[in-house]
Amino acid sequence: MSVLVAALMLCVCFPHIASSTQLQPDMPNVCEEQEVQMMGFAQPCVQAFTRMVKVWKQGCSHQRWCMGYERRTAYFTAYRQVYSMELQTVYKCCPGWTQRGDERGCLHRLCSADTCFNEGRCAHTGDEVCECPGGFQGTRCQYDVNECENSNGGCEGTCCNTIGSFYCKCPEGSTLGLDGRTCQDIDECEEMNGGCQQNCVNSLGSYYCECSEGFRMHADAHTCIAVKSCAVKNGGCEHRCLDLGDEHYRCECPPQYRLKSDGKHCELKDPCLNGNGGCAQVCINDNGIPECSCRPGYTLTTDRKRCDDVDECESGRIGCAHGCVNTPGSFKCVCNPGFELGVDGKQCYRIEMEIVNGCEKDNGGCTHQCEHTNIGPVCSCNRGYELADDLRMCIDTDECETKESCCLHDCKNYAGGYECSCNPGYTLSVDGCSCNDVNECSLETSGCNHYCINMPGSYECFCREGFRLDHNQHTCIPLYVSSLEPDEDDEPEGDEEELEVLRLPDLLFRRPPQLLQYTSALHSPYDAEDTPTSYSGHTRSREQRGELTVISTITCPRWTYGSGCSHDCDCVQENSLRCDAQNGSCTCKLGYHGDRCQAGCDAGFYGTDCHQHCDCPDGASCDPKTGKCQEECPPGFHGEECQLGCPERRYGPRCEGVCECVNGVCDHVSGACNCTSGWTGTHCEKLCVQGRYGPNCSHMCACSGHQQLCHHVTGRCTCPPGYYGNHCQLKCREGTFGPDCKKRCRCVNGGRCDFKTGTCLCPPGYLGANCSTTCPAGSYGKDCAKACECGEGGRCHPVTGRCNCTSGRMGHSCQEVCPRGRYGAQCRGVCACVNGGVCDPVDGTCRCGLGSTGTHCQEVCLPGRYGANCEQECVCQNNGTCDRITGSCSCAHGYYGPTCQHQCPAGFFGVLCSYRCNCTDARTCDHVTGHCTCPPGYTGERCEKRCVEGTFGVGCIRQCKCVDGVPCDPVTGRCLCPPGRTGEYCDKECVNGSFGPQCSLQCHCAHGGQCDQRNGRCACSLPWHGPSCQDEFSLAVSLPPKRRRGL
């Protein structure tokens, strides 16, 4: 019978457990990649072999048991190594990341020379990639830190963030402190009194003007105007002062004159301001007469106004080499084919070679200067001009509008420059900027009759004692009108210097005064005693002069009262005798009454204040003054002889009718209303309809505009906002707006305000209610509506949008980096880096190449450093040296690996582990010298000798301690006990049913069988037999022959 024996293979699979350093897909910054790898594995192969085995079997012919042979087949599994190419998933650090040590994942960025922006440097410690300078943040220092987000940057006013920094700005009216953060109030009143005519009051962040008592503030908020202005020094007017009522006045000038900008003095009208004086081109004011002239290239026609173009080509004096083409106001030279115009614009040159200098032809397209560079012609402008957006044309810079001029008063711009001028009463200084006051008194141009006192920008005339100023404010007329007044020619010559200027405190005249009594003098020119005194060449007593003797008292002129006689009496003068000089109460004539003496006596009353009753028969009326009874007069008349018409607001028989005219005078007979100018209706109760004015509303308004608004009485035009003039035909002057153009525009930065509403029309680059806000970053142009195209941190001009690139950038939109070898603003700097160093396009700092360092990369790396700018530290171990360029390690003898981190593997030594050890059986040798390092149990120069019996260990120098000559292990010295012996030194026999090596096996002899200590065989006692003495013999059966050992 064949027995199938199968060799079973037990496969135990252990799960793959990643070490702490092996990357897994769930770790930070770990990427999955597919790689093709050659995979080797063991392939099982089942094999069989057959052999003949001796066996005991029954059924033999002569005896029950006999020995025979059987064929038995055994199976076993063998393995062979096979290889295949497979797509394997591996996990590596994502690009730009690396793993350090045993970290779980790729937690550190790789950093190179181009990794960090804004002058950031690679961080060699910590978890950050870059060390950022102040003002920048981000993993690569790519973001600006907005310092203003944190507590407003510490600024008291406005915090303005910039790229890499910030600055503080204070509101108008305050200035930045020395710490650059706090704001300090500016006392505007310290400089020129804040521009206030009288009092200046400073406030936090601003100031305001105040006027003294008796004055009110002008609409400009700086000038003070005296109440009832024309009453004080003619309102300051040089000629006539027109009182408009309601505490307003206006200065007027004679014909052919106009008001100066101060609104008080007069000057000849400039005819050039009206239609350019009729001139086609240039108008010059020659003492009020327009004189026309023409620009270069034109000539004045016979009418002395128009200009005709001059044909320079016809004159033959222009000097063109080939041909000439006339243009308006100029000419242009042209060349024949094959020639080109020279730089002088006249000579022609044959075209024979390529023009290298870009400025030689048409000046490179530049209007002014042209400079040839390696990138082509670069244009620049003369002083007073700036480049246009095309970077070729030059446009005039308005220094007056941009506040770049030095003018103290007025500024007038012209092409390529500007000119300063001064206000009336000043003259331009020699520096061309400041203004000096003109002393009209010293120049004798004031026209003052007696005395002149100079003031800033003006002057005032004063008279000698005994005289006063006439209406023209220049001529002095005698104070006392008398036949005894001496002629001016009779005055002694030497008295003029002794006289003092006479000032009359608080005495104001609205009309030429008629002096009733004058008793005021600052300094009495007369002797204390009432004796004849010589004065101005005459001897007169005070009685002769009609003066009183009280000094420093004032008797008000008739119809004035109050402090300083500054108030007008409100009495109806034709019905009044006088008004009280203190309170202004009216004293009525006989026949009148009322607080203003405005009413005649009612019928039946007469006398003072109409308190007395008439005593006439039959109710006849009496004279309102005398009370005398009168006969009946015809309707509309009264008086003793009926010679008087009815008094005001009375009519009819006995003048008893009461007029009902609201704004008019009634007929004294019929009572019919005769309306005053501007009124109409039965009782004159209606205003003139719109567009009409005057008596009976018979006149048409002559005002400009469709509404035709004018005053119903005077016909004076009521101008709509934005217009002024007698007929509202003039628009508000620049800088003013609103009703009567009395409001001043508040637009700044060149903004022009709407002459009607005052709304600011901002120039390009500004916005806001008063154009005070510049375009925010990223916008420009009109209303800041255009978007800047400047990239890479470039800022565009708020007006033109032209990009002002940051250092290191160039191009129309700053899209280009400076070319190699250039750096800085507009890439004008030239790099000075050597040894292949590349300079930073921003500041020119050299970024050194591999293996060099220094300011200009002129130094090689020191030992232990390598790479760009020698920033990398060599990582070579075990005394290895690194290449200063690549950082690759050159290992010392006995080491290998990228960083020389590995010793030579067993069996190798020397440089790059290129030598094999000469030791027996590939024993290890010293990785540096190659000397064999024998393992325990071997000795000899090549470790070719095994330890002699009785010795063991390294070098075989240790002695075995086993008993009875038992050998020991030559490596460890452990005694190799034979079967049946145990103990550290094999000095003990097996006991307790154990046997074999180290007595490690248990005997299984049954029925008292004895176990051999060496091999564990059982020695059975009768009648037991078998390997374990488990079988019992039958006495009737003969025993089988003795088994051979091993079967």
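The structure holds 69 disulfides, and the model from which they are derived is a predicted one.

In the bridge between cysteine 407 and cysteine 420, the sulfur atoms lie 1.9 Å apart. The torsion about the S-S bond of this pair is about -85 degrees, so the disulfide is left-handed. The pair links distant parts of the chain, with cysteine 407 placed in the loop between β33 (394-396) and β34 (410-414) and cysteine 420 placed in strand β35 (residues 417-421), 13 residues apart. Cysteine 407 has a relative accessible area of 16% and is therefore buried, given that the class covers values under 20%; cysteine 420, with a relative accessible area of 7%, is buried as well.

A further disulfide joins cysteine 448 to cysteine 461, with an S to S distance of 1.9 Å. The torsion about its S-S bond is -75 degrees, and the link is left-handed. This pair, too, connects distant parts of the chain, cysteine 448 belonging to the loop between β37 (435-437) and β38 (451-455) and cysteine 461 to strand β39 (residues 458-462), 13 residues apart. Cysteine 448 counts as buried at 17% relative accessibility, and cysteine 461 is buried with a relative accessible area of 6%.

Histidine 474 itself lies in the loop between β40 (467-469) and β41 (476-478), and because its relative accessibility is 17%, histidine 474 counts as buried. Beyond these contacts, the side chain of histidine 474 makes a polar contact with the side chain of tyrosine 459, at 2.8 Å.

The accessibility of the two partners falls into separate classes: cysteine 919 counts as buried at 8% relative accessibility, whereas cysteine 932, at 24%, counts as partly exposed.

Two further cysteines were examined. For cysteine 160, the closest cysteine sulfur is that of cysteine 148, at 6.6 Å, which is too far for a bond, because a disulfide requires the sulfur atoms to be within 2.5 Å. Cysteine 160 counts as buried, at 14% relative accessibility, while cysteine 45, with a relative accessible area of 32%, is partly exposed.

Finally, the second largest pocket has a volume of about 1900 Å³. Its lining comprises 50 residues, of which Arg802, Cys803, Asn804, Cys805 and Gln826 lie nearest the centre of the pocket. Among the elements of secondary structure, strand β31 (residues 376-380) gives the most to the lining of this pocket, contributing 5 residues. By residue class, the lining of the second largest pocket divides into 22 nonpolar, 18 polar and 10 charged residues.

Conventions: Residues numbered from 1 in each chain as written. Predicted model: local features only at pLDDT ≥ 70, side-chain atom pairs only at ≥ 80, totals over all residues. Heavy atoms only, no water. Helix = DSSP H or I, 4+ residues; strand = E, 2+ residues; numbered from the N terminus. Buried < 20%, exposed > 50% of the residue type's maximum accessible area, 1.4 Å probe, protein only. Polar contact = N/O pair within 3.5 Å; in protein donor to acceptor, adjacent residues only side chain to side chain. 1 Å grid on protein atoms, 1.4 Å probe; cavity = no way out; pocket = protein on both sides within 12 Å on 5 of 7 lines; lining within 4 Å. Points joined across faces, edges and corners; volume = space filled by probe spheres on them. Nonpolar A, V, L, I, M, F, W, Y, C, P; charged D, E, K, R; others polar.
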